[in-house]
Amino acid sequence: MTTLLKPDSFKVAIGNIKTNIFGMAFINTVTRDNVIKSAILSEIFLNSSKLFKTPVEINRRLNTMRGAVYNAGVCRKGDALCLTVTIETLKSVTENEARSFLDDIVFKPLVCEKAFDSKVFNKAADTVRRRILSYKDDKKTYAAQRCLEEMFDFSGYGVPDYGYIEDIDNVNEETLYRYYEGLISAKNIDKGIVGEKVNEKSPVCRKLKEVTENTGAVQGRLCMGFSAEGCDEISLSVLNEIIGGNAGSKLFNEVRERENLCYYVNSAMHRFKNIIIVQAGIEKDARDKTEELIEKAIEKLKDDITQDDVDKAKAAVKNIYLHKADDPYGKVDEMIDKALYGNDLIIDNRIKRLDGIGMGDVLEALDSLVLKTKYFLG
């Protein structure tokens, strides 16, 4: 592995936007250990460095750069874990100022004898602990993540971005610093994007899993996870729009409007893993009927999809791409996607592929759908 102690940050500038974004992305494989360490490390990046020892000092420096906005966070891109650090500045702020700030944060942390400062580490770990505990308060998000955990057997893509609370105790100031050293010394994948391309693919469960979790909630949350292995990702995104991607979708009309069975119903596609998660908020005693109707509605699509459905879904997906192309942070996302997975994920190329999608492609995507997980939060 090539050692590179100080990779350059990337820059995103869009002509009609008055700001620039500079940033770095550190890539690793999604594992429980890597996720919890990245989560704590991102909090350290947010709140301290050798030069800026407190959030107050960081904010004071940002104010001298005309109110620049700084952020650090962790997300999954398929089986790749991405820790991103960005600063957004007005274009009147010099590149040197922005890049120097990132360097001071990322490459000059507050350490003592190859370990992060104890006070800084403990504060970051406590913040991550509180965040993990708070996620259960958002029942809709919690249920969707629990469905993914079951679908991927609590590993790989099933590990939540924020990690597991019990894993925090397995990390200390020294082990986190060693993890940090490994991240920053990895090779450059692309400008400002550091690490290893992730070739591992966490598999979905082989057999249908049905899980019920009782919490005493008034409203039930149903999640159904479908895999579409080997399916074209663009075709699947069009199919997802038809199934439950908007208020005119088949599930909305069939299950919510016609049968009046749920408070909400929608579907979300996880594009790097070719899966669709259908979610519904329902009365607890409506679970069996709702599951049955969702399965029947998706099965009926083989006969019910019209060319108009396909055209409207393609237009909706295209609007998502175009919005992302005009958004600076969307461009950051695209840059990282391209570095990890190649030119097929460049927005212009995705739009060209989308334009070529026809009825046959959508029906082929539909044929590839397999129900893998039923999760109910009651």
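Is F152 buried or exposed? F152 is buried, with a relative accessible area of 1%; buried means under 20% relative accessible area, exposed over 50%, and partly exposed in between (1.4 Å probe, protein chains only).

1. Basis. This is a predicted model, in which local features need pLDDT of at least 70 and side-chain atom pairs count only at pLDDT 80 or more, while totals for chains, interfaces and linings use all residues. Residues are numbered from 1 along each chain as its sequence is written, and side-chain values use heavy atoms, with hydrogens and water left out.

2. Aromatic pairs. Rings of Phe, Tyr and Trp (its six-membered ring) pair if their centres lie within 6.5 Å; planes under 30 degrees apart count as stacked, over 60 as edge-to-face and the rest as tilted. By this rule there are 9 aromatic pairs. One of them joins F116 and Y177, whose ring centres are 5.5 Å apart and whose planes stand at 75 degrees, so the pair is edge-to-face. F116 lies in the loop between helix 3 and helix 4 (118-135) and Y177 in helix 6 (residues 173-184), so this pair ties together parts that are 61 residues apart in sequence. F116 is buried at 2% relative accessible area, and Y177 is buried at 12%. The rings of F152 and Y157 also form an edge-to-face pair, because their centres are 5.5 Å apart and their planes at 70 degrees. Y157 is buried, with a relative accessible area of 8%. F45, F116, Y177 and Y180 make up one aromatic cluster.

3. Charges over rings. A charge sits over a ring if NZ of Lys or CZ of Arg is within 6 Å of the ring centre and within 35 degrees of the ring normal. R76 lies over the face of Y157, at 4.7 Å from the ring centre. The charged end of K140 is placed over the ring of Y264, 4.4 Å from its centre.

4. Strand 11. Helices (H or I, at least four residues) and strands (E, at least two) are DSSP runs, numbered from the N terminus. In strand 11 (residues 370-377), 7 of the 8 residues are buried. Two strands pair if DSSP finds at least two bridges between them. Strand 7 (residues 209-213) runs parallel to strand 11, joined by 5 bridges, and E210 has K374 as its bridge partner in strand 11. Strand 8 (residues 220-227) pairs with strand 11 in the antiparallel sense over 7 bridges, with S227 opposite V370.

5. Helix 13. The buried residues of helix 13 (residues 359-368) are V362, A365, L366 and S368. They cover an arc of only 160 degrees around the axis, which puts them on the same side of helix 13; the arc is that of the directions from the helix axis to the C-beta atoms. The face turned away from this buried side carries the exposed residues E364 and D367. Contact means heavy atoms within 4.5 Å. The buried residues of helix 13 pack against strand 8, helix 7 (233-244), helix 9, helix 10 (307-326) and strand 11.

6. Two single residues. D104 is in helix 3 (residues 95-106) and counts as buried at 13% relative accessibility. Its side chain makes a polar contact (N or O atoms within 3.5 Å; within protein, one must be able to donate a hydrogen and the other to accept it, and residues adjacent in sequence count only if both atoms are side-chain atoms) with the side chain of K108, at 3.2 Å. Not counting residues up to four places away in sequence, D104 touches S49, L51 and F52. K300, in helix 9 (residues 287-304), is partly exposed at 36% relative accessibility. K300 and K250 are 50 residues apart in sequence and 9.8 Å apart in space, C-alpha to C-alpha.
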